[in-house]
Amino acid sequence: MDTLLVAVFSSEEQDMKTEILGELQELARTAGYYVTESVVQNLDYPDPRHYLGKGKVDFAKRMIEAFGVSLAITRHELSPSQAMNLERLLGIHVIDRTQLILEIFAEHATTKEGKLEVELASLKYQLPRLKGFGRMLSQTGAGIGTRGPGEKKLEIDRRQAQDRISRLRKEIEELAKRREISRKKRQSSSVPLVSFVGYTNVGKSSLVSEISSEDLIIEDKLFATLDTRVRKAKLPAGMQLLVSDTVGFIRELPHELMESFKSTLDEVKYSDILVVVSDASDMAIKDKYSVVDRTLREIGAGEIRRIHVLNKIDLCTNERLAELEGSFPDSVMVSALRSYNIEGILNEITRKLFGEKSRRTLRLTPAEFSNFMRFRNSVEVLSESFDRELIEIVYLSSDEINERLISSICEEGRK
């Protein structure tokens with residue numbers, strides 16, 4: 001479908017204009033729309049009635065006629081009246097960026113929870129917009145004290161939407177409880193969880209595939225991964241870990257989606273390590289890293305230990321790599337496409353998770369030894385010796401893992 005992008009930029013946003021417009025175009029491409037042209041207006045705030053000023057509306061109409069455009073997509077979320085007025089003036093269907101992202105999410109959701117979360121976000125977005133058409137629909141009724149069929153239809157639609165929202169919330173809460181049970185089982189196993197996070201389309205799925213040796217569906221599209229995917233992996237020293245591939249972040253993520261995907265995003269909060277992935281070839285890398293950092297803080301994951309990974313270095317010149325080393329001196333440079341320096345990520349995960357290991361000795365009862373075995377993949381056992389009553393274990397572990405191990409054994413003994 002031939003599409004026109006319509007965007008308003010304030011004076012403070014001029015430096016980001018090209019980047020933001022390019023991202024909107026990429027979102028449209030991901031949703032299957034062909035962008036023909038763009039109409040841009042510099043305003044401190046979008047026009048409250050028509051989004052664009054009158055002159056730009058007229059210009060947009062000429063563009064629509066010249067290129068045969070049948071859809072317009074606005075950068076900002078539109079109020080019901082703005083959407084209705086702009087459609088009337090342009091003579092074509094108009095959707096906003098939030099609707100566009102909701103379309104993409106609806107297409108890419110594969111799990112039951114993901115599909116329910118997308119439906120909930122869509123209904124929450126649509127519900128206030130039913131009000132926007134109420135005046136128009138109720139005009140079919142005449143006379144004081146009467147209500148036309150349009151208004152009755154509106155009330156029915158609103159009530160059905162509210163009922164469905166309530167049911168969806170209950171279903172998502174039930175699934176969240178099951179997720180919590182699975183999370184507690186995972187935590188009791190002592191296998192650490194490492195979540196790969198970052199801006200959308202930076203290569204998180206490719207890196208998780210490399211580390212876990214499992215092929216995930218990988219597409220060169222925004223939000224190709226929507227549902228959280230957890231895979232098993234091994235560190236060079238043999239310890240096991242879980243790696244999680246998460247939904248990509250984006251600037252100005254619609255609040256309906258942020259709220260509806262809370263249970264999915266909550267998974268990130270329980271990670272032992274966050275691997276923040278950035279696209280080394282992206283000239284807006286600093287701005288997008290700030291978006292990721294802000295989003296992590298908003299969901300309560302701002303204090304979790306991080307590893308910063310610069311992916312796609314195969315697309316960079318030597319000068320660009322030198323610049324990145326200056327800007328991000330502690331980052332791990334990799335190429336998922338070329339399978340380059342994947343071990344660098346694993347080594348950094350090992351260092352962050354286990355730190356410096358010390359030699360330790362424990363003498364345990366059979367019951368305590370059974371509990372110790374839950375940590376078998378997090379420590380390096382050097383020797384085991386048995387007598388009639390106790391088992392002596394000599395092992396290497398970090399202070400952090402050892403503290404968790406001892407606490408678990410003591411806690412089990414008090415039960």
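Trainee: At about what angle does helix 4 run to strand 4?
Mentor: This is a predicted model, where local features need pLDDT of at least 70, side-chain atom pairs count only at pLDDT 80 or more, and totals for chains, interfaces and linings use all residues. Residues are numbered from 1 along each chain as its sequence is written, and side-chain values use heavy atoms, leaving out hydrogens and water. Helices (H or I, at least four residues) and strands (E, at least two) are DSSP runs numbered from the N terminus, while axes are lines fitted to C-alpha atoms, for helices over the stretch in contact, with angles from 0 to 180 degrees between N-to-C directions. Helix 4, residues 97–108, lies across strand 3 and strand 4, and its angle to strand 4 is about 80 degrees.

Trainee: Which strands stand at the edges of the four-stranded sheet, and why is one side of each left without a neighbour?
Mentor: The sheet is open, with parallel pairing and the order 2-1-3-4; two strands pair if DSSP finds at least two bridges between them. Each edge strand has a single partner, so one of its sides has no neighbour in the sheet; these are strand 2 (34–42) and strand 4 (93–96).

Trainee: Which residue of strand 2 is the bridge partner of V6?
Mentor: Strand 1, residues 2–9, pairs with strand 2 in the parallel sense over eight bridges. In strand 2, the partner of V6 is V39.

Trainee: Which residues have the most contacts inside the largest nonpolar core?
Mentor: Such a core is a set of buried Ala, Val, Leu, Ile, Met, Phe, Trp, Tyr and Cys residues joined through side-chain atoms within 4.5 Å. Buried means under 20% relative accessible area, exposed over 50%, and partly exposed in between (1.4 Å probe, protein chains only). The largest core has 77 residues, and those with the most contacts inside it are F196, L296 and F372.

Trainee: How many residues apart are E19 and K288?
Mentor: Their side chains meet in a salt bridge at 3.0 Å, N to O, the term meaning a side-chain nitrogen of Lys or Arg within 4 Å of a carboxyl oxygen of Asp or Glu. E19 is partly exposed at 23% relative accessible area, whereas K288 counts as buried at 13%. E19 sits in helix 1 (residues 17–30) and K288 in helix 11 (residues 285–298), a separation of 269 residues.

Trainee: Which residue forms a salt bridge with E119?
Mentor: E119 lies in helix 5 (residues 112–132) and its partner in helix 7 (residues 149–188), so the pair ties together parts 45 residues apart in sequence. The closest N and O atoms are 2.8 Å apart, and the partner is R164.

Trainee: Over which residues does pLDDT stay under 50?
Mentor: pLDDT is the predictor's confidence in each residue, from 0 to 100. The protein averages 85, and 88% of the residues score at least 70. Where pLDDT is low, the predicted coordinates should not be read in detail. Here the stretch with pLDDT under 50 is residues 132–148.

Definitions and conventions: Contact = heavy atoms within 4.5 Å.
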